[in-house]
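Colleague: Please show me the model. I would like to go through it with you in short questions.

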Amino acid sequence: MRYDEPLFRPPSEAESFILQATLGCSWNACTYCAMYRTKAYRVRPLEEILRDIATGARLADEVRHVFVADGDPLDMAMEHWEPILLALGAAFPRLRRVSTYATARNLLEKSAADLLRLRELGLGLLYIGPESGDDDTLHRLAKGASAADHVEAAAKARAAGMEQSLIFLLGAGGLEHSETHARASGRLASAMDPRFLSTLTLTVVPGTPIATLEAQGRFVLPPVVGLLRELRWFIEEARPSAAIFRANHASNYLPIGGRLPRDRDSILAAIDEALAGQRTLRPEWLRGL
Ligand code: SF4
């Protein structure tokens, strides 16, 4: 399979068949994101996508999961999604789940009937990155959606029977809005009520708008201890009904995880140990995006 690089997928999709249905991201404006800055957004022609599925069908017995890339393929019209999902179902008889990145914006643009149809055809998991639950922070990040938009989008996804994997970004509020951002993010996680929940740590990537703000002294990333405090505030506020929580991404200083709400106390205790200097943190040289 030939891919148009760069190609990104969630770490949990490492074993999945990756189908590149769109190139780039239709929004491509988030101030911290460098993922698709070199790519103009476009939906690939349907016949090309179907050809990729036919090529992948050589792996028919092995493929259980398919991840549809690039940035936010939920933006695609139903005229694209329906034949793609039907072809995936025909090519991979053992297929159990199709997943994709999604934004609140493109979830809200789809009708309830369209989302139900996508779920019927196999689209079962959406990776959504609200990054923050604080509207001021969301505005500064140029996410293009408010916390209330994310709550509404999540309700639509749940009503259609789709699961969500949510990503929040420690440090995204900067030093100035650190606690507000972290606590509001935990509250948004509760309101969206995902099946999977994770925190990453903001890395300021050269060439992004947030790097320019940092160079001008208008954005300051909290220090490591501040990021640990943000993690604690986030967990204090996060009350999903039953979520698998992971903070083991390479960008994080303290790799932890568990189930929420079941493991809240042990997760908080681990963070407190780290704040007290009793836990080894991931060294800077081992951290990555
Ligand atoms: S929606 Fe996602 S991929 Fe697109 S610019 Fe924002 S963070 Fe990057």
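**Strands, core and ligand shell**

Modeller: Strands are DSSP runs of E with at least two residues, helices are runs of H or I with at least four, and both are numbered from the N terminus. Two strands pair if DSSP finds at least two bridges between them. This is a predicted model: local features need pLDDT of at least 70, side-chain atom pairs count only at pLDDT 80 or more, and totals for chains, interfaces and linings use all residues. Residues are numbered from 1 along each chain as its sequence is written.

Colleague: Which residue in strand 5 stands opposite V68?

Modeller: Strand 4 (residues 65-69) pairs with strand 5 in the parallel sense, over four bridges. H65 has R97 as its bridge partner in strand 5. V68 stands opposite T100.

Colleague: What is the handedness of the β-α-β crossover from strand 4 to strand 5?

Modeller: The chain leaves strand 4, passes through helix 2 (residues 78-91) and reaches strand 5. Point the strands away from the viewer: if the path from the first strand over the helix to the second runs clockwise, the crossover is right-handed. This crossover is right-handed.

Colleague: How many residues of strand 4 are buried?

Modeller: A residue is buried if 20 or more other C-beta atoms lie within 10 Å of its own, exposed if 12 or fewer, and partly exposed in between, with C-beta atoms placed from the backbone. H65, F67 and A69 point one way, V66 and V68 the other way, and all are buried. The count for strand 4 is five of five.

Colleague: Which residue of strand 4 stands opposite L19?

Modeller: Strand 1 (residues 17-20) and strand 4 run parallel and are joined by four bridges. L19 stands opposite V68.

Colleague: How many residues are in the largest nonpolar core?

Modeller: A nonpolar core is a set of buried Ala, Val, Leu, Ile, Met, Phe, Trp, Tyr and Cys residues joined through C-beta atoms within 7 Å. L19 and V66 are among those with the most contacts inside the largest one. Its size is 76 residues.

Colleague: Why does E13 count as buried?

Modeller: E13 is found in the segment before strand 1. Its contacts beyond four places in sequence are H65, F67 and S99, where contact means C-beta atoms, placed from the backbone, within 7 Å. E13 counts as buried because its C-beta neighbours inside 10 Å number 21.

Colleague: Is T31 buried, exposed or partly exposed, and why?

Modeller: T31 is in the loop between strand 2 (22-23) and strand 3 (42-43). There are 16 other C-beta atoms within 10 Å, so T31 is partly exposed.

Colleague: How many charged residues are in the shell around the ligand?

Modeller: The residues around the ligand include C25, W27 and D72, each with its C-beta atom, placed from the backbone, within 6 Å of it. Asp, Glu, Lys and Arg count as charged; Ala, Val, Leu, Ile, Met, Phe, Trp, Tyr, Cys and Pro as nonpolar; the others, Gly among them, as polar. The shell has seven nonpolar residues, four polar and, as for charged, one.

Key:
Two residues are in contact if their C-beta atoms, placed from the backbone, lie within 7 Å.
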